[in-house]
Amino acid sequence: MTIFENICSSVPAALKTRGAALLAVATLQLATLGFIVADRIRLLKTGREIILPIVPVDPRDLFKGDYVQLGFPISTIPATATTGEDMPRLKQAYVTIEQQPDASWLAVAVSARRPATMAANQTALQARPAQWSDWSHGPVRVRYGIERYYVPEGTGGDLEKLAREKKLSAIVAVDAKGRAAIKGLSADGKRVYDEPLF
Amino acid sequence: MIITQARLQADLKRWQSEGWVSDAGATAILRDLAQRNRSPGLYGALAVLGAVLLGVAAMSFVAAHWDSLSKLSRLALLGGGIGASYAAAFELFRRRLDPFAHSAVLAGIALFGASIMLIAQMYHMDGNPPDAVWLWSLGALAAGVLLRSNPTLAASVVLICVWSGMTVEQDSKLIHWGFLPMWGAAAAGVANTRWRAGKHLLALALSGWLIVSCLQIERETGRYLLVAIGLAMAVAAALRADVIDRWRPISATLLAYGMVLAYIGLFVIQFVDRAWSGSAREPHLWLWGSTTLTLLIAAMAAGWRTGNGRVLWLAYAGFSLEIIALYVAKIGSLLGTSAFFFLMGVLVIALATLAYRMRTETVGQREVMS
């Protein structure tokens with residue numbers, strides 16, 4: 001009889017069931033967390049990289065606690081882009097953004113499903129309307145899930161200075177489903193914050 | 001009615017001296033009471049609170065020092081913490097220290113939630129905030145149901161409520177049906193452990209959902225629906241108590257919940273909507289006020305008849321609140337308010353006289369019969 005079998009035979013049946021349940025719960029929870037991390041890493045590694053300039057809405061209110069609230073020109077969808085399709089009360093839609101000759105990105109269309117075909121200078125992002133917004137009446141404020149940049153405790157001042165003095169942009173990875181994730185931040189074309197995968 | 005141990009002991013002494021309870025009977029009752037009180041007491045509650053504090057401490061600690069640890073180290077720390085919590089729970093279950101084992105499970109759940117939030121921070125994920133809480137509640141629910149852990153089931157009910165609240169907060173017209181299957185799963189877990197306090201927690205959660213859902217329905221329809229549901233519950237509990245109690249002894253609780261739900265609906269109609277839309281909105285306040293006071297008196301009568309102290313005190317509280325709110329809101333003018341209260345006062349005194357006469361007649365009949 002092995003040591004393992006010895007231990008198992010000395011454990012009462014009720015405790016064995018409980019042990020199995022504990023193992024199942026721990027595995028389930030750790031697997032869930034692992035899946036979230038792996039999914040995010042895959043998106044950051046394989047997603048198409050786009051650079052979006054950051055709009056500091058109000059520099060004095062830029063920092064809330066330990067994260068920077070980011071705003072982008074594509075966060076507001078103009079009325080012209082929302083009138084194409086009737087989309088009542090959708091929780092999520094796709095915003096087609098198009099790169100301009102000056103390398104900036106503009107929101108050009110909104111659709112309930114991801115467009116099947118797009119030009120090479122276009123990509124589509126998953127978006128949720130900001131609170132109380134309605135797709136059918138533009139302009140619409142949207143969130144892409146990249147509106148918060150978390151910074152180490154007490155270091156927000158550095159970023160605030162950069163945002164005031166230089167042109168700050170977010171380097172964003174976009175995957176085939178249109179999900180976006182922040183890879184880092186750049187100022188004047190130079191990467192100032194690079195996010196390691198691990 | 002809740003009877004404290006000290007009160008029961010005092011009553012037992014009195015009953016013994018009156019000769020209603022024998023000495024042997026009193027000893028047996030006290031022995032039974034002592035056995036029942038072997039359930040985890042203060043130390044169990046403290047262990048649970050300790051676990052909650054440890055979870056919050058872990059979350060704050062990792063968040064505050066996050067740049068001095070690599071992402072991988074933080075992930076390993078969090079994952080290791082979850083694993084260690086459940087391993088500790090197993091060891092504590094093995095040593096038959098169940099309250100401490102349940103606390104360890106709760107600490108694991110707290111770390112699971114902290115992990116979700118911290119992964120979101122590490123990768124700057126700013127998705128739909130309720131989704132993170134939903135995932136957390138799902139983890140808590142799985143642990144609570146599989147491990148038959150009451151503190152964890154309670155935590156999952158709280159998380160489900162937080163998730164539902166956050167979801168509804170995003171949309172003023174949404175009725176959050178997604179709450180019900182999650183609540184049902186938690187209810188199945190509580191039914192499995194036969195936890196009495198858990199059943200009350202579930203009833204409170206469902207009542208909260210019902211109130212919010214009804215208030216989400218546009219215009220007055222939702223308010224009327226809430227009043228109708230509450231009244232239906234209270235009337236069924238008052239008139240068909242025997243039928244309900246044959247199934248489950250819940251008629252007393254049903255009466256209390258029904259009364260509170262109906263009163264909340266009536267309160268919103270009379271005072272909250274009025275405050276939001278201006279005083280001209282509800283011209284029939286005297287009618288609503290007198291109906292509410294009459295229903296509360298009916299609830300008091302039902303409470304008296306069935307010896308339901310909880311309903312009685314809730315009805316007293318509702319009655320007091322209603323009077324204060326009517327006085328502040330005013331029925332037309334102060335003179336009108338005065339006339340209203342005068343009339344209601346005369347009616348209630350008349351009712352008291354009628355009740356006194358009925359009681360005297362009943363006592364008289366009993367004396368004749370004996």
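Analyst: The model is predicted, and the following answers set its values against the definitions.

User: What makes β11 and β12 of chain A a pair of strands?

Analyst: Two strands pair if at least two bridges are found between them.

User: How many residues lie between β11(A) and β12(A) in their hairpin?

Analyst: There are 2 residues between them, and A:D188 in the turn has a positive phi of about 50°.

User: How do you know what span helix α6 of chain B should have?

Analyst: The expected span is 1.5 Å times one less than the number of residues. Helix α6 (residues 129–146) of chain B has 18 residues and should therefore span 26 Å; the C-alpha atoms at its ends are 27 Å apart, which agrees. Just after α6(B), B:R148 takes a positive phi of about 50°.

User: Why is α6(B) called mostly covered?

Analyst: A residue is buried if 20 or more other C-beta atoms lie within 10 Å of its own. In α6(B), 13 of the 18 residues are buried, so the helix is described as mostly covered.

User: Which helix of chain B gives the most to the side that touches chain A?

Analyst: In total, 32 residues of chain B are in contact with 31 residues of chain A. On that side of chain B, α4(B) gives the most, with 11 residues. By class, the side has 18 nonpolar, 10 polar and 4 charged residues.

Conventions
Residues numbered from 1 in each chain as written. Chains lettered and ligands numbered in written order. Predicted model: local features only at pLDDT ≥ 70, side-chain atom pairs only at ≥ 80, totals over all residues. Helix = DSSP H or I, 4+ residues; strand = E, 2+ residues; numbered from the N terminus. Buried ≥ 20, exposed ≤ 12 C-beta atoms within 10 Å, placed from the backbone. Contact = placed C-beta atoms within 7 Å. Nonpolar A, V, L, I, M, F, W, Y, C, P; charged D, E, K, R; others polar.
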